Amino acid sequence: MLKIGSHVSISGGLLGAAKEAHSYGANTFMVYTGAPQNTRRKPIENLKIEEGHAFMSDHGLSDIVVHAPYIINLASSKKGIYQLAKEFLALELERTAQIGANYLVLHPGSFTDKTYEYGIERISSALNDVLREDIVPVVCLETMAGKGTEIGRSFKELKDILDRVELKSKIGICFDTCHTHDSGYDIIHHFDEVLEEFDSLLGLDKLKVFHINGSLNTRGAKKDRHANLGASIDNPRGQDFIGKEALYQIVHHPVTDNKPVILETPWLDAKTNLYKEEIAFLRG
């Protein structure tokens, strides 16, 4: 079964998010529980969760995803930032469970002024402090593009984290097409070989969520700039160096079956996106 949707706003609660997703022709979706740049959050009882699930049930929406805010940096060397990251990740896991989502997508973190080894130990130690057997959602570490000192630019780096995590059943991976392309993987011509490498290091059972995005950059650029599907070089939205045909093949690959496939492609302006058109294309 193809579960496809996009990032939607939770400003109108879970009910508003579900209605927005349905308007795009989606059968799943992803939300932040609040603004991704800060820790301000509405009380959970104000998010219209019961009404949202009723709407989802009536309109065939399921298996939704929550994305953790960008401010969580589990690799930070600064005590205050690190402690805040751990505490807020724990809160976001609780909110994810209360919303009824099975997955919390998380950027692993950046080691900034320290070393890669320091960052890996910092991230895994934080996850060991936060993860508990009784928490239902799985933390899905996202594949990253490789900007600066961010960790997760290769499957080996994600494995280095997973090897140090005690509750491995609580960790999954979110595969972002723009990020893996920008980090150097050839997902256009050799997607099966990329999956073989992933399987050898992490196991395909760890693939829980997919982010489907084009890229404004050539493979290996390590820049992380999302593009709309198939945007052309003479289009103001920029050129998609992955291409909609390759992304269509990825979405219809057996590995994505029955997993949330989420679009994070750019909005054309403050009020206009292409989610409805892109979802219709990817559905085929």
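Two strands are taken to pair if DSSP finds at least two bridges between them. Strands (E, at least two residues) and helices (H or I, at least four) are DSSP runs, numbered from the N terminus. The model is predicted: local features need pLDDT of at least 70, side-chain atom pairs count only at pLDDT 80 or more, and totals for chains, interfaces and linings use all residues. Residues are numbered from 1 along each chain as its sequence is written, and side-chain values use heavy atoms, with hydrogens and water left out.

An open sheet is formed by 8 strands. Their order is S1-S10-S7-S6-S5-S4-S3-S2, and the pairing is parallel. Strand S1 (3–6) and strand S2 (30–31) stand at the edges. Each has a single partner strand, so one side of each lacks a neighbour in the sheet.

Strand S5 (residues 138–142) is largely enclosed by the rest of the structure, because 5 of its 5 residues are buried (under 20% relative accessible area, 1.4 Å probe, protein chains only). Val138, Cys140 and Glu142 point one way from S5. Val139 and Leu141 point the other way. S5 pairs in the parallel sense with strand S4 (residues 103–106) over 4 bridges. Here tyrosine 103 stands opposite valine 138, and leucine 104 opposite valine 139. From S4 the chain crosses through helix H4 (residues 116–130) to S5 in a right-handed β-α-β crossover. Right-handed means that, with the strands pointing away from the viewer, the path from the first strand over the helix to the second runs clockwise. S5 also pairs in the parallel sense with strand S6 (residues 171–176), over 4 bridges. Cysteine 174 in S6 is the bridge partner of glutamate 142.

A nonpolar core is a set of buried Ala, Val, Leu, Ile, Met, Phe, Trp, Tyr and Cys residues joined through side-chain atoms within 4.5 Å. The largest has 75 residues. Leu74 and Leu141 are among those with the most contacts inside it. Helix H3 (residues 79–99) gives the most to this core, with 6 residues. Apart from it lies another core of 9 residues, including Met30 and Val65.

Glutamate 264 lies in the loop between strand S10 (260–263) and helix H9 (275–283). Glutamate 264 is buried yet has no salt bridge (a side-chain nitrogen of Lys or Arg within 4 Å of a carboxyl oxygen of Asp or Glu). The nearest side chain of opposite charge, lysine 147, is 11 Å away; Lys and Arg count as positive and Asp and Glu as negative, while His and the chain ends are not counted.

Note on methods: Buried < 20%, exposed > 50% of the residue type's maximum accessible area, 1.4 Å probe, protein only.
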